[in-house]
Amino acid sequence: MAGNSLGLQPKSTRAAIEQELEAWARWGVEGHVKAKDPWMPYHELMTPMLARVVGAEPDEVVAMNSLTVNLHLLMASFYRPTKDRHQILIEASSFSSDRYAVESQIRFHGFDPATSLIEVGPKPGESLINDDDLESRIKICGSKLALVLVGNVNYLSGQKFKMKAITQAAHSVGANVGFDLAHGAGNLDLQLSQTGCDFAAWCSYKYLNAGPGAIAGVFVNKRHHHKGWTIPRFAGWWGHNKETRFLMKPNFDPIDGAEGWQLSNPPILQLAALRSSLEIFDRVGIERLAKKAAALTRELQAQLKGVKGLDLVSSPNADQRGAQLSYRVAGSPSQLSQRLYSEGVMADHREPDIIRFSCPPLYTRFVDVFDVAQAVRQSVEAL
Ligand SMILES: Cc1ncc(COP(=O)(O)O)c(C=O)c1O
């Protein structure tokens with residue numbers, strides 16, 4: 001139940017990595033062109049599968065770096081504050097790293113987070129952020145707002161935000177919009193292109209099961225392609241035109257799509273792990289997985305209904321949450337998760353009072369949900 005932290009290892013991953021280890025042993029540097037799947041264009045093997053999993057066009061996505069690094073790279077392009085327009089709006093209790101990244105971007109550009117960082121939280125006494133409040137706050141910020149950056153699923157509450165509505169509200173005041181999909185990629189049918197957002201970034205070690213510290217993914221909306229240097233960016237040779245990359249000329253000529261944001265030649269062993277996992281997603285299809293994720297959390301919610309000492313924090317409506325249920329625990333959440341661990345259940349707690357259960361749809365069975373619910377009921381009573 002901790003796939004929102006680290007997903008399980010696909011059975012095919014070991015062989016996928018071994019294939020590349022063998023290619024390296026056999027071919028050395030020539031593996032870039034002579035390996036069974038040559039390393040030079042290896043990252044392109046991910047592209048159609050990544051695009052399908054998040055609902056984007058292939059040239060809008062690329063696998064690269066890690067999540068926080070990518071948020072910074074994308075903010076380098078899409079957070080261009082001016083004296084009048086410098087605010088970034090985030091959801092309150094956003095993931096710490098996102099907040100640090102946003103705050104550091106604000107400071108980096110010489111602005112003050114006290115006036116440039118806008119956090120929208122729940123109404124007093126509530127646990128979830130009201131969608132209308134989020135949109136009206138965007139409107140209130142108006143011409144001061146440069147960027148909206150929210151998790152499409154909040155890591156703590158599991159709340160799912162309305163990406164299209166947020167995007168429309170932000171664009172209507174002239175701000176850019178990015179989403180952190182860490183808790184949505186691989187369990188929701190995101191239809192990313194259709195949201196109209198400017199960019200998105202996600203990690204692949206949670207629901208995408210690509211392993212600890214896995215190579216992450218980014219999305220850059222098509223309308224920002226073919227703009228070359230008119231979109232400022234941090235550049236590296238892997239983002240340069242593939243035809244002329246090895247001429248090593250001084251002038252950077254960015255690839256037109258998301259690939260133009262790459263910096264370095266990518267880690268093939270990590271890509272091999274991601275590839276083995278994405279192949280499974282591709283066989284099943286994200287639509288079916290998203291339906292199963294909703295059915296799983298619905299079942300867990302039903303099983304835990306009425307358990308004393310557990311209060312549902314996530315939305316009671318499966319359409320308004322990710323593949324995660326968060327509960328407020330009367331008592332110590334760490335004690336509860338320790339007890340659960342001794343019963344064979346790996347849950348994930350956040351101090352001071354939250355326990356989170358995630359149901360990665362690829363490998364969570366309904367019988368697991370029943371077993372977990374029984375263990376939770378017993379453990380909570382014994383607290
Ligand atoms: C929502 C969210 N943002 C950012 C991060 C940080 O990711 P990374 O360490 O890959 O940069 C995480 C990690 O769990 C996360 O859940």
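Over the ring of which residue does the charged end of Arg 233 sit?

1. The charged end of Arg 233 sits over the ring of Trp 261, 4.0 Å from its centre. Such a placement requires NZ of Lys or CZ of Arg within 6 Å of the ring centre and within 35 degrees of the ring normal. Arg 245 likewise lies over the face of Trp 238, at 3.9 Å from the ring centre.

2. This is a predicted model, in which local features need pLDDT of at least 70, side-chain atom pairs count only at pLDDT 80 or more, and totals for chains, interfaces and linings use all residues. Residues are numbered from 1 along each chain as its sequence is written, and side-chain values use heavy atoms, with hydrogens and water left out.

3. Seven aromatic pairs are found in the whole structure. Phe 78 and Trp 261 are stacked, because their ring centres are 6.2 Å apart and their planes are at 20 degrees. The pair links distant parts of the chain, 183 residues apart: Phe 78 is in helix α4 (residues 67-78) and Trp 261 in the loop between β7 (217-220) and α10 (268-284). Rings of Phe, Tyr and Trp (its six-membered ring) pair if their centres lie within 6.5 Å; planes under 30 degrees apart count as stacked, over 60 as edge-to-face and the rest as tilted. Helices (H or I, at least four residues) and strands (E, at least two) are DSSP runs, numbered from the N terminus.

4. Phe 78 and Trp 261 are both buried, and together with Phe 199 they form one aromatic cluster. Buried means under 20% relative accessible area, exposed over 50%, and partly exposed in between (1.4 Å probe, protein chains only).

5. The structure holds 18 salt bridges, each a side-chain nitrogen of Lys or Arg within 4 Å of a carboxyl oxygen of Asp or Glu. One of them joins Asp 59 and Lys 222 (2.8 Å, N to O). This pair also links distant parts of the chain, 163 residues apart, with Asp 59 in the loop between α3 (47-54) and β1 (61-63) and Lys 222 in the loop between β7 and α10. Asp 59 is partly exposed at 36%, as is Lys 222 at 39%.

6. Within helix α10, Arg 275 and Glu 279 are four residues apart and therefore separated by about one helical turn. The closest N and O atoms of their salt bridge are 3.3 Å apart. Arg 275 is buried, with a relative accessible area of 16%, whereas Glu 279 is partly exposed at 32%.

7. Arg 356 forms a salt bridge with Asp 348, at 2.8 Å between the closest N and O atoms, and both residues are buried.
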